[in-house]
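This report looks at one residue and at the sheet and helix around it. The sequence and the structure come first, and the text then builds up the surroundings step by step.

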Amino acid sequence: EKRKWTNQELDYCGIFCGSQEGSETENKYHIVYLHRNEYPVSVMCKLFGVQGVHRYENLLNRDFHADRPNSKWVTDISYIHTGQGVLYLSMIRDLYDNSIAAYKTAGSQTVSLLLDTIRLAVKQESPGIAAHSDQGFQYTPQAYVKLTKEYGITPSMSRRGNCYDNAMAENFFFILKSKYIYRQKIKTFQQVNQLIDDFIYFYNHVRIRLKTGMAPLERRHST
């Protein structure tokens with residue numbers, strides 16, 4: 001009997017329905033695609049070898065205002081289709097000025113991609129942060145628990161199946177992909193990595209926010 005999985009769960013694991021990889025995985029693991037709302041992450045973690053499933057309270061609770069830098073971060077991972085395959089982008093956004101504190105890309109969606117993004121952010125910024133995420137499997141294992149404790153980061157997690165709880169992370173990916181990335185044909189990882197670098201530099205240093213009249217990092221450096 002085939003195991004029942006949602007498209008969203010397969011997306012988290014880097015497997016895309018309708019692709020050759022998706023078909024091969026379906027046959028190997030006896031997968032049946034379900035509606036996205038059915039979301040047993042604990043089962044998916046076991047299948048793909050992610051140890052430990054930790055849950056956190058929704059401490060952010062849609063309060064997207066921060067009165068000082070590095071007091072509230074939101075984080076997420078999204079994917080970008082290219083002619084070479086799928087590239088995953090992990091990013092951390094600081095709610096104080098909405099700047100992108102750190103980002104990393106990789107050809108596969110793993111816990112290591114998230115952990116490397118956190119390490120980069122902490123290297124560039126001060127620890128002592130509340131970091132909010134969705135319930136993706138990368139945010140549930142023991143390795144994430146250990147790293148957040150090491151850096152003095154307090155995890156916060158969206159409620160199950162509620163994308164609005166992490167709207168500020170979703171919002172950035174929407175702007176990046178709809179307004180910039182997907183307005184052109186992306187052939188290679190190198191091409192899309194350059195586009196990401198260029199856009200995030202523009203977003204942090206040049207793009208004026210109507211609310212403040214300044215670019216995100218201009219505001220940060222002026223306080």
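The model described is a predicted one.

With these terms in place, helix H6, which spans residues 167–179, lies across E3, E4 and E5 and runs at about 35° to E3. These strands belong to an open sheet of five strands with mixed pairing, in the order E5-E4-E3-E6-E7. Strands E5 and E7 stand at the edges of the sheet, each with a single partner strand, so one side of each is left without a neighbour there. From one strand to the next, the twist averages 25°.

| Element | Residues |
|---|---|
| Strand E3 | 72–82 |
| Strand E4 | 85–94 |
| Strand E5 | 99–106 |
| Strand E7 | 154–157 |

Strands E3 and E4 run antiparallel and are joined by ten bridges, and His-81 stands opposite Val-86 in E4.

Ser-78 has its place in strand E3. Is Ser-78 buried or exposed? Its relative accessibility is 11%, and because buried means under 20%, Ser-78 counts as buried. Leaving aside neighbours within four places in sequence, Ser-78 is in contact with Leu-87, Tyr-88, Leu-89, Phe-173 and Lys-177. With Lys-177 there is also a polar contact, made between the side chains of Ser-78 and Lys-177 at 2.7 Å.

Notes. Residues numbered from 1 in each chain as written. Predicted model: local features only at pLDDT ≥ 70, side-chain atom pairs only at ≥ 80, totals over all residues. Heavy atoms only, no water. Helix = DSSP H or I, 4+ residues; strand = E, 2+ residues; numbered from the N terminus. Buried < 20%, exposed > 50% of the residue type's maximum accessible area, 1.4 Å probe, protein only. Polar contact = N/O pair within 3.5 Å; in protein donor to acceptor, adjacent residues only side chain to side chain. Contact = heavy atoms within 4.5 Å. Pairing = 2+ DSSP bridges. Axes fitted to C-alpha atoms, helices over the stretch in contact; angles between N-to-C directions.
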